[in-house]
Amino acid sequence: MVASSFAVLRASRLCQQDWKSWARLFVPPPLSTGGRTTWARTNATLSVEPEGRSCWDEPLSIAVRGLAPEQPVTLRSALRDEKGALFRAHARYRADAGGELNLARAPALGGSFSGLEPMGLLWAMEPERPLWRLIKRDVQTPFLVELEVLDGHEPDGGQRLAQAVHERHFLAPGVRRVPVREGRVRATLFLPPEPGPFPGIIDLFGVGGGLLEYRASLLAGKGFAVMALAYYNYDDLPKSIETMHMEYFEEAVNYLRSHPEVKGPGIGLLGISKGGELGLAMASFLKGITAAVVINGSVAAVGNTISYKDETIPPVSLLRNQVKMTKDGLLDVVEALQSPLVDKKSFIPVERSDTTFLFLVGQDDHNWKSEFYADEISKRLQAHGKEKPQIICYPAAGHYIEPPYFPLCSAGMHLLVGANITFGGEPRAHAVAQVDAWQQLQTFFHKQLGSKS
């Protein structure tokens, strides 16, 4: 039986500029009065706690004080990623009778979101550049989030009353970042500040390739030794993925298991999308994997062959006539893969695995049928006398279930498809899912792998 889980979302670089530039940016605009220019005065202050900086997955407490009683205001947020892409959100509010506004108590009256959403100014951000996904490429630098309070309910027309810049970091204080270039393995290992050993996890991302570190770096702040693993299109690794050789991943598993700061005997796997598919294959063919969290992964080989020693799993067939076009001109490919119950040779042999699994499923995933795959894996495991996996389904959540407060990426380029597709998801429900999934996977890994020795 599929379990459903919700957590209440309670709380829930910009371009390189020096702080003097920031100060100039935030100077309130002058007002014209009878031919004379005077500066607007306000007693409003904007506070953000934790003050100054926080980790990306931490909730913020945002409040405005010094407003007029019941004054209408608009709050705006903005950040730029490392490629200069701008993300923004805004919401309309009204101060209370004492001239205060606390986002934990005051509902938004409209804008990018509405209702009681203390972290809406982050998760509701949308890219100015269409179909652009927010990704942190350099975890050694923070995202700078600009917050502004404007008078009135016009997001682009009100006088600026207060502002703040908050640093959102991806490395908790003391977390160690260790580049790994051992044999064929190309990765980055993140270790908690204190001496280990710690439960070890390999972190795998999707078909975009390269080396993404932001999830691993955040998890290391929770007491895990996490290795972000590249598997193609990075450094001297293959530039394409026609065949995924499990021997490479076996080398990575052996490296992590033998690390002096990693607690044994087994390790964990965390994979999303293609990384989830590869995590299933690793758990099926390789030894030493105690626990695996699969986020919207496939049970069939997709787009490439999976091989290990003398065995191969061919990719599942494509059903091009099942690709549909949305009203927005995007491709919907959720029906475009043949069922692994039909292409049985493409079914990853999960029944061989002794790994304990947690499946996190977005029920509005349009990349592929994640819920169906999780159910079929569960049936296959139980039919072979294996432990029933835990499955948590999130209604209206899409494909990219990220750490908390990342904006929903509902559509974008799919490298295997070669076109923009819909990934699904509704922003508020997806935000709730991300907060809950982040806690669920940490609880699962601590239970299955233990804590620091």
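The model is predicted, so local features are taken only at pLDDT of at least 70 and side-chain atom pairs only at pLDDT 80 or more, while totals for chains, interfaces and linings use all residues. Residues are numbered from 1 along each chain as its sequence is written, and side-chain values rest on heavy atoms, with hydrogens and water left out.

The chain is assigned a domain 1 (45-169) and a domain 2 (176-450), with bounds that come from an automatic or database domain assignment. Between the C-alpha centres of the two there are 32 Å. Where they meet, 20 residues of domain 1 are in contact with 25 residues of domain 2, contact being heavy atoms within 4.5 Å. About 2,000 Å² is buried between the domains, and carbon and sulfur atoms give 65% of that; buried area here is the accessible area (1.4 Å probe) that two parts lose on being put together, summed over both. Three residues stand out on the domain 1 side: Asp57, Trp123 and Arg133 supply 37% of the area that domain 1 buries against domain 2, more than any other three residues.

The rule finds 3 salt bridges across it, a salt bridge being a side-chain nitrogen of Lys or Arg within 4 Å of a carboxyl oxygen of Asp or Glu. On the domain 1 side that touches domain 2, α2 (120-123) and β14 (160-169) are the elements that give two or more residues; helices (H or I, at least four residues) and strands (E, at least two) are DSSP runs, numbered from the N terminus.

Over the whole structure, a search finds 23 salt bridges. In general, side chains of opposite charge can pair when their charged atoms come close. Arg88 pairs with Glu128, with 3.5 Å between the closest N and O atoms. Arg88 is in strand β8 (residues 86-94) and Glu128 in the loop between β12 (126-127) and β13 (143-151), so this pair links parts of the chain 40 residues apart. At 44% relative accessibility, Arg88 is partly exposed, where buried means under 20% relative accessible area, exposed over 50%, and partly exposed in between (1.4 Å probe, protein chains only).

Arg352 and Glu311 also form a salt bridge, at 2.7 Å from N to O. The two are 41 residues apart, with Arg352 in the loop between β25 (331-332) and β26 (356-362) and Glu311 in strand β23 (residues 311-313). Arg352 is partly exposed at 39%, and Glu311 is partly exposed at 29%. The loop between β25 and β26 also holds Glu351, which is linked to Arg380 in helix α6 (residues 370-383) by a salt bridge of 3.0 Å, N to O. Here Arg380 is partly exposed at 24%, whereas Glu351 is buried at 18%. Elsewhere, Arg76, Glu148, Asp156 and Arg160 are joined in a network of salt bridges.

Thr422 is buried, with a relative accessible area of 13%. Leaving aside neighbours within four places in sequence, the contacts of Thr422 include Thr326, Leu330, Asp332, His366 and Ser410. A polar atom of the Thr422 side chain lies 3.4 Å from the backbone nitrogen of Gly424.

Terms used. A polar contact is a pair of N or O atoms within 3.5 Å; within protein, one must be able to donate a hydrogen and the other to accept it, and residues adjacent in sequence count only if both atoms are side-chain atoms.
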